[in-house]
Amino acid sequence: MVMPSSTAPKGTIALERNFSVTELQSTGGGPTIFFRTTNTMVLIRVNDNYMYSYGLFGKSYVGNEYGSALHFFRLPHFYPNDSFTVNIEFSPLFQSEENSFFSHGAQTLITPKIYFGSKAACLMAYIRSCFFPSAASASIILVGLMSLILTASFWILHRKYTRDFCYWGIFSLIVGFGFFIESGMADLFVPNAFLRYFAATFMLAILPEFFLMYVRTSKVVSYNTKLCNFFIMQSIVNAFIVIVCAFLPRLPFSYVRNYIIICHAVYLFFVIAMFVNNSVSLSQWPTIPSALVIVTSVMILVDFTLYLVPPYTSDLFAFSRYAMLLYLITRSVEVINDFFSTQILTAREEMYRTVVVRDSLTGVHTRPAFWHFQKEFFTKNAISNDRLSLVLCEILNLKQINEKNGYEEGDEALKTTSQILKLNFSSEQIYRINGSCFGVLLVDMDEDVIQKKIRAIEDIIDDYNSNQDLGDIRLALVTNVFSTSHYVSFDHFLTATQEKLNEYRKLL
């Protein structure tokens with residue numbers, strides 16, 4: 001039964017139960033009393049004899065607090081009487097004189113759930129009570145790991161840094177580990193109460209930063225930049241406060257934890273307003289992920305209220321972890337879908353751009369790319385004053401090749417000519433201006449070097465014609481240099497070079 005203690009400090013809970021020696025002997029030894037406490041001093045007496053204590057004489061890690069702890073007490077069976085009484089007292093912390101300010105007034109404690117039986121049975125019952133919260137937390141951790149694995153995969157395979165996946169993965173991992181620590185299962189794996197208690201509070205402090213950074217990078221909703229930056233900065237400051245206050249013995253860490261919870265609640269109101277405003281501004285119902293954000297935020301606020309207001313709960317995320325899991329899974333699917341949709345659109349854009357700027361037959365640039373280059377050149381030339389040269393190369397007998405041998409042979413003549421030009425000029429400098437004519441735009445290349453390359457092209461085409469039987473390819477090549485003193489525009493320059501090509505064609 002539960003009864004108040006007349007000797008313990010104010011706010012202490014005393015649990016008392018009578019046990020029979022005969023009952024204990026039938027079990028082959030004393031069974032175990034098992035329970036979990038958070039920031040609570042424990043004292044166990046058997047027939048008013050001191051048998052077990054926790055938090056009275058040990059070192060305090062977080063301020064003067066101890067975090068959560070699992071307690072196993074094996075009941076004795078050697079008392080001469082037929083029965084004995086076990087009394088368990090749960091006392092609040094900060095009872096010393098130096099902490100009298102913080103221990104003033106009643107301090108409410110949560111009565112822990114008591115397990116009685118063999119140690120294995122107690123553990124199994126405890127694990128069953130923690131299974132669903134722990135499973136939900138582990139699932140959230142898996143979502144975060146998947147996002148980080150995808151981030152690493154795209155970086156390794158494509159050298160592409162996907163910030164959406166990275167921030168989403170970090171956010172999910174922080175949420176998952178924070179939920180797991182609060183689920184009670186972590187007590188079985190990490191015996192250091194300080195580490196769990198501190199880590200859970202620290203994760204709660206930095207959580208807003210990574211979620212808002214994800215919102216900013218992914219642009220999933222419109223947001224108030226100033227408020228967003230404020231909460232990101234506040235998150236960093238709060239994380240620093242948690243670290244500093246963890247080692248101040250005169251300050252209860254539970255006060256710091258409650259401060260972080262209140263700050264987080266204010267941030268959640270901002271998140272709810274942000275997503276609701278986004279839906280209102282678009283004059284439509286919220287999307288499923290947006291609606292789940294709102295529901296999850298409300299659930300967290302409900303959990304915070306139950307944690308801070310009587311009758312209190314020991315689980316900080318009793319309801320919200322399941323809503324968060326549903327939201328994270330739904331949003332993760334949407335994040336992946338958005339990414340691959342963007343990749344498909346980017347690939348299509350690259351394909352269309354390639355079709356526009358690259359000639360599919362010869363692989364050189366097209367006429368639109370020719371005009372784009374000259375526009376960029378003259379924009380840059382206003383500052384750098386570079387010299388521009390143009391080489392025109394025309395297949396004089398392309399029409400005859402098409403009529404005599406077919407268009408396939410004409411295409412082969414075009415590809416052969418483009419390959420010969422590539423042997424002497426960079427492929428980025430070559431453009432197919434029309435059906436039979438190629439242009440080569442050269443920046444700051446000496447005229448002697450250009451003439452040497454033209455003679456080399458003529459020698460190669462002569463060798464080609466002498467070594468094949470399908471018909472000759474007759475080329476006409478001319479070069480010209482742009483000068484503002486001779487040409488008023490690039491159009492004028494191109495027309496003059498084409499006239500020069502026509503004059504040269506007449507001589508052949």
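These legends describe close-up views of a predicted model.

Local features need pLDDT of at least 70, side-chain atom pairs count only at pLDDT 80 or more, and totals for chains, interfaces and linings use all residues. Residues are numbered from 1 along each chain as its sequence is written, and side-chain values use heavy atoms, with hydrogens and water left out.

View A. Strand β7 covers residues 83-91. Seven of its nine residues are buried (under 20% relative accessible area; exposed is over 50%, partly exposed in between; 1.4 Å probe, protein chains only). Strands are DSSP runs of E, at least two residues, and helices are runs of H or I, at least four residues, numbered from the N terminus. Strand β2 (residues 13-20) pairs with β7 in the antiparallel sense over eight bridges. Pairing requires at least two DSSP bridges between two strands. Ile13 faces Phe90 of β7.

View B. β4 (residues 41-46) runs antiparallel to β7, joined by six bridges. Here Arg45 has Asn87 as its bridge partner in β7. Five of the six residues of β4 are buried. β4 also pairs with strand β5 (residues 49-54), antiparallel, over five bridges. Leu43 stands opposite Ser53 in β5. The β4-β5 hairpin has two residues between the strands, and Asn47 takes a positive phi near 50°.

View C. The structure holds 29 aromatic pairs. One of them, Tyr487 with Phe493, is edge-to-face, at 5.3 Å centre to centre and 65° between the planes. Rings of Phe, Tyr and Trp (its six-membered ring) pair if their centres lie within 6.5 Å; planes under 30 degrees apart are stacked, over 60 edge-to-face, the rest tilted. Tyr487 counts as buried because its relative accessibility is 13%. Phe493 is buried too, with a relative accessible area of 0%. Both belong to one aromatic cluster, whose members include Phe370, Trp371, Tyr431 and Phe482.

**View D. Charges over rings.** The charged end of Arg17 sits over the ring of Phe116, 4.6 Å from its centre. Lys453 lies over the face of Phe425, at 5.7 Å from the ring centre. The criterion is NZ of Lys or CZ of Arg within 6 Å of the ring centre and within 35 degrees of the ring normal.

View E. Trp155 is found in helix α2 (residues 119-158). Trp155 counts as partly exposed because its relative accessibility is 45%.
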